[in-house]
Amino acid sequence: MGNVYVLGTGMIKFGRYPDKTVPELGAEAALIALKDAGITIKDVEMFASGNLYQSNAMIGQRILQQVGQTGIPVINVANACATGSTAFREVYMAVASGMYDIGMAVGVEQMGKQGLLGGGGGGSDPAYSTEGRLGSGLMPAVFGQAGMEHMRKYGTKLEHFAKISVKSHKHATKNPFSQYRNEVSLEDVMNARMVAYPNTLYMCCPTGDGAAAAILVSEDKLKQLAGGRKRARVAASILTSDPYTDRTLQLPDVSTLTRRAAQKAFETAGIGPKDISLTELHDCFATAELVHYENLGLCGDGEAGKFIDEGGGKHPDLGGKSPVNVSGGLLSKGHPLGATGVANICEVAWHLTGDERCKERQVPNAKAGMAHVIGLGSACTIHILTV
Amino acid sequence: MAEQQTQATETGPRPILPIFKLQPTPHLVGTKCSCGTIFLDTKRLACSKCGATGPFQQVDLSTKGKVWVFSVVHQSFPGIKTPYVTVIVDLPEGVSVKSNLVDIDPEELEKNPQKGFGMAVELVANEVAKDRQGNPVIAFQFRPSKN
């Protein structure tokens with residue numbers, strides 16, 4: 001497998017775009033990425049589109065109908081919340097294999113003000129719907145219980161989860177691409193409306209719209225096209241699914257597949273958690289972020305509470321260490337499902353290359369970064385980028 | 001016509017899922033693989049733990065278990081009364097079940113979550129709706145054990 005580099009990136013501000021279509025949002029991000037890379041659509045040899053809610057609607061081709069129909073192979077990817085990062089990985093593999101020199105991945109989603117995700121069952125007669133009668137499959141409760149497992153094992157407190165939300169909101173104030181840019185206090189988070197214990201409103205990510213794009217190139221093409229610009233290498237691109245574990249069929253186990261992916265990613269990249277300058281991880285809920293500190297090796301098992309109390313996850317400018325989700329994370333930046341996985345990788349690439357777009361929140365001296373995504377059902381991707 | 005008549009006469013309580021049996025007393029059934037793994041299904045093509053395609057046997061499951069974890073749900077689908085407790089219960093056979101935990105104060109549980117972990121619970125059959133034919137739909141739920 002050859003070396004693969006991120007030549008160009010594009011992202012639109014996450015938010016709500018009721019007057020635009022999914023292909024339009026995707027095309028906007030794609031055009032920004034092409035400009036950033038300094039190439040045109042005619043240079044792109046393959047294309048992968050990540051979109052979940054219209055995965056039967058040929059979104060990739062419809063993006064190219066707006067950007068340029070050159071007849072290249074297009075893959076439409078759906079993999080729950082890991083949709084965008086899986087599309088990115090398809091392009092990574094296509095370039096790493098040597099079959100193509102330049103590929104593009106776009107992740108895009110339009111969710112509007114869609115409410116709670118998950119739940120259901122019951123078939124044609126709603127009387128047989130299981131939601132709220134046989135427990136909850138809604139995401140706030142599912143991920144709430146992931147936090148409850150930590151609480152059970154280690155005595156973790158509501159305050160620990162709440163502190164994560166305070167941090168993410170603080171980070172988001174420095175990110176113009178973020179859907180929400182308001183600060184919240186610990187009291188605001190703790191006293192906010194409870195959605196599913198221990199997740200209060202501010203510990204749940206919003207729904208919204210967004211798009212992000214990345215252009216990947218082979219080492220030869222990088223030499224031709226980079227023009228002296230610093231570009232990040234994809235040092236690991238890992239995808240796992242959920243192995244059978246006790247209870248996972250009743251309460252999805254988001255930890256085991258993350259741990260497996262992290263181990264493989266560090267082995268592949270030849271580095272360890274201590275070498276990671278910044279992490280963008282899948283904080284769909286504050287409870288998820290806490291358990292992933294341990295799953296990704298940012299701290300030891302049972303130490304996530306202490307990690308948070310000691311400033312773990314905070315931007316160095318705020319006196320923190322091992323910065324996590326300096327973009328604001330899903331909690332503040334937003335979580336347009338298909339866009340999320342590509343956007344996280346863009347964020348990491350920006351810090352590694354000193355990109356203007358992360359100027360206000362630049363992690364100093366960033367050499368390696370990790371982007372983690374979980375799609376419930378389940379899929380986990382981890383990408384490690386290095387410079 | 002004959003079929004319609006048959007359906008019309010078969011009124012009465014219906015379990016919410018096929019794994020829930022109302023007779024002789026309400027209980028859950030599972031499908032057990034020869035490797036020992038039990039699935040909350042009435043049939044399996046293969047075991048997702050060991051990959052074996054059989055043999056499988058249907059087993060009756062205990063009506064008593066212990067709470068693994070829970071959450072208190074405050075926002076739900078229209079028509080679902082909140083707050084309520086969603087719970088994962090470990091049964092002694094080594095399989096876990098998800099359902100509602102009833103006959104408990106959800107707010108109290110939030111104030112002292114450690115009280116919920118490991119709590120002994122027992123299965124209870126509760127009517128949760130009437131289906132389109134007017135049959136009561138019966139769900140398996142759990143309540144704190146009375147003994």
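This is a predicted model: local features need pLDDT of at least 70, side-chain atom pairs count only at pLDDT 80 or more; totals for chains, interfaces and linings use all residues.
Let's start with chain A as a whole. It has twelve helices and eleven strands. Along its principal axes, the C-alpha trace spans about 55 × 55 × 40 Å. How does the radius of gyration look for 387 residues? Well, a compact globule of that length would come out near 21 Å, and chain A has 20 Å, so the two agree. As for burial, 63% of those 387 residues count as buried. And if you take the contacts between residues at least 6 apart in sequence, 75% of them join residues at least 24 apart.

Now, one pair of helices in chain A. Helix 5, residues 158-172, and helix 9, residues 286-295, have axes that come within 8 Å and cross at roughly 100°. On the helix 5 side, the contact uses A:His160, A:Phe161, A:Ala162, A:Ile164 and A:Ser165. Helix 9 brings A:Ala286, A:Thr287, A:Glu289 and A:Leu290. By class, that's five nonpolar, three polar and one charged.

Last stop, the contact between the chains. Chain A puts in 28 residues and chain B puts in 33. Which elements of chain A give two or more residues to this side? Those are helix 4 (139-154) and strand 5 (194-196). Helix 4 of chain A gives the most, with seven residues. Sorted by class, chain A's side has 14 nonpolar, eight polar and six charged residues.

Notes. Residues are numbered from 1 along each chain as its sequence is written. Chains are lettered from A and ligands numbered from 1 in the order in which they are written. Two residues are in contact if their C-beta atoms, placed from the backbone, lie within 7 Å. Helices (H or I, at least four residues) and strands (E, at least two) are DSSP runs, numbered from the N terminus. Ala, Val, Leu, Ile, Met, Phe, Trp, Tyr, Cys and Pro count as nonpolar, Asp, Glu, Lys and Arg as charged, and the others, Gly among them, as polar. Axes are lines fitted to C-alpha atoms, for helices over the stretch in contact, and angles run from 0 to 180 degrees between N-to-C directions. The radius of gyration is taken over C-alpha atoms; the globule rule is 2.2 Å times the number of residues to the power 0.38. A residue is buried if 20 or more other C-beta atoms lie within 10 Å of its own, exposed if 12 or fewer, and partly exposed in between; C-beta atoms are placed from the backbone.
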